[in-house]
Structure formats: structure tokens, C-alpha cells
Amino acid sequence: MIINTSHFLKSASSMTGLPQDGLPEFAFIGRSNVGKSSLLNMVLGRSGLVKTSKKPGKTILINYFLVNENFFFVDLPGYGFAHRSKTSRNMWQRVIEQYLVERKELTDIFLLIDSRHGVMENDGMMIDFLDHYNIPFTPIFTKTDKLNKNAISALKQKNPECFFTSATNSLGREELLDYIESLIT
Ligand code: GTP
Ligand code: MG
């Protein structure tokens, strides 16, 4: 699939603020700092469209990006951000869990995992949550540029169903776009 257009549509802080036009959407979830926003920029070929940060916790809203006037990419706030207040963590949980369970337009969820660290405790909790509600998701290993070739091969062999990406060298872009295209056509 070729990306012709992409633009930021809106940010929402609750279900009532979400778009109503019924277009399919793909959500990107994962720990703070795992590289969600960077991956979106890489896939869209737009370096500054989605805000990224060295400091975790940058994204605090449900951010909608309209792609090819045809589907949405949804950048969600990361989990596991320890410095957030308890109120903010509870709020995160309520809004995001409701979104993941109830949103009809949600076509697939990409669960991002840092290839250097693998599945960590809070990733495991998210996976349990999704499994509990029978919500399908697709794992993506990020930041593969931080690994050497052998380590990437080993990871691929262990996780044949997953995508492997790097926002730095654009690894995995075509595969991911082809996969998304197969789900919307
Ligand atoms: P939150 O919005 O806080 O949840 O973070 P996020 O998951 O959106 O992470 P973000 O894309 O902001 O990236 C966090 C940091 O990791 C930034 O310093 C990025 O430059 C870096 N980063 C992201 N992807 C990659 C990658 O593929 N390779 C390398 N080397 N660094 C990356
Ligand atoms: Mg982000």
C-alpha cells in the first residue's frame, strides 16, 4: 500500500469524543517509550507528524490520524509510566480499556514490544487483559536497529507471527503496510 495522505484529525480523552464516521482503525499500544509515535511517523513517512519524546508519557490522549482518507491510525498513551499520578493512571486505565473493549471500528491492535527487553511485566498484563476479553492483537517488535543481525534472526525464529520494525532504518514498513491493506480491502 502506498501512503498518499496522512493528517492529524483530533485528540479525544473519552469515548464520546471519538470520530463517528465508521472508518476502520488501527491502534498502537505499548509501554511508554517503546516507540509507538516514532513507528507511526516511520510508517506514514512523516518525520514530525506524531510527537515523539525521549521523556516517557508524552502522549496522554487518544490521537487520531486519518490515512489516505480511508482509515485511522490511533496513537494511544503508553502504559507503565511510573511518574504519572495515581489519578492519572486510573483514568488511563478506564479510558483505554473501554476503548479497546468497546470500539467497534477497531480493526486491529498493534502491541509494541521493545526488541531489546522482550515482553515485560506490564506487557504481560496487557496481553492477559486482551486475551480475557478475546480481543485479537498483533505484536510488533520495535527498535530492532539496536540489535545485531543474529539477535534479530533469533527473535524472528522465536516469534514467527510478529512484525519487526525500526523507526531508524524503516525495517518492516512494507510488510506492515501490506498487512494493513489486507485488512481493509
Ligand atoms: P509515549 O508516547 O511516551 O508512550 O512513548 P512512545 O511509545 O510514543 O515512544 P516514542 O516514539 O516517543 O519514542 C521514545 C524514544 O525512543 C525516542 O527517543 C525515540 O527517538 C526512540 N525510538 C523510537 N523508535 C526507535 C527505533 O526504532 N530505534 C531507535 N534507535 N530509537 C527509537
Ligand atoms: Mg507517543
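1. Asn134 is exposed, with a relative accessible area of 70%; exposed stands for over 50%, buried for under 20% and partly exposed for the range in between, with a 1.4 Å probe and protein chains only. Asn134 sits in the loop between H3 and strand E6 (138-142). Its phi is near 55°, which is a positive value in a residue other than glycine. The element labels refer to DSSP runs numbered from the N terminus, with helices (H or I) of at least four residues and strands (E) of at least two.

2. On provenance: this is a predicted model, in which local features need pLDDT of at least 70 and side-chain atom pairs count only at pLDDT 80 or more, while totals for chains, interfaces and linings use all residues. Residues are numbered from 1 along each chain as its sequence is written, chains are lettered from A and ligands numbered from 1 in the order in which they are written, and side-chain values use heavy atoms, with hydrogens and water left out.

3. Overall architecture. The chain contains five helices and seven strands. Read from the N terminus, the order of elements is β-β-α-β-β-α-β-α-β-α-β-α. The radius of gyration is 16 Å, close to the 16 Å that the globule rule gives for 185 residues, so the chain is as compact as a globular protein of that length. That radius is taken over C-alpha atoms, and the rule is 2.2 Å times the number of residues to the power 0.38. The C-alpha trace spans about 45 × 40 × 30 Å along its principal axes.

4. Of the 185 residues in the chain, 46% are buried. The accessible surface comes to about 9,900 Å², and 50% of it belongs to carbon and sulfur atoms; the areas come from the Shrake-Rupley method with a 1.4 Å probe, and for residues only the protein chains shown count as cover. There are 21 positive and 19 negative charges, and their mean positions are 11 Å apart. Lys and Arg count as positive, Asp and Glu as negative, and His and the chain ends are not counted; the place of a charge is NZ of Lys, CZ of Arg, CG of Asp or CD of Glu.

5. Contacts along the sequence. Among contacts with a separation of 6 or more, 70% join residues 24 or more positions apart. Contact here means heavy atoms within 4.5 Å.

6. The largest nonpolar core. This core has 24 residues, and Ile62, Leu76, Tyr99, Leu100 and Met126 touch the most other members. At least two core residues come from each of strand E2 (25-30), strand E3 (62-67), strand E4 (71-75), helix H2 (86-102), strand E5 (106-114) and helix H3 (121-132). H2 gives the largest share, five residues. A nonpolar core is a set of buried Ala, Val, Leu, Ile, Met, Phe, Trp, Tyr and Cys residues joined through side-chain atoms within 4.5 Å. Leaving out residues up to four places away in sequence, Leu100 touches Ile29, Leu76, Leu106, Ile109, Met126, Phe129, Leu130 and Ile135. Apart from this core lies another, of 23 residues, including Ile3, Leu39, Ile140 and Phe163.

7. Helix H1 (residues 36-44). Eight of its nine residues are buried, so the helix is largely enclosed by the rest of the structure. The buried residues are Lys36, Ser37, Leu39, Leu40, Asn41, Met42, Val43 and Leu44. Gly45 follows H1 and has a positive phi, near 65°.

8. Phe73. This residue lies in strand E4 and counts as buried, at 0% relative accessibility. Beyond residues up to four places away in sequence, Phe73 touches Phe26, Phe28, Leu40, Val43, Leu44, Asn63, Tyr64, Phe65, Val67 and Ile180. Its C-alpha atom is 21 Å from that of Arg94, 21 residues away along the chain.

9. Phe8. Strand E1 (residues 6-12) holds Phe8, which is partly exposed at 40% relative accessibility. Phe8 and Leu49 are 41 residues apart along the chain, with 7.4 Å between their C-alpha atoms.

10. Two further positions. Glu69, in the loop between E3 and E4, has a positive phi near 55° and is a residue other than glycine. Gln157 belongs to helix H4 (residues 149-158) and is exposed, with a relative accessible area of 69%.
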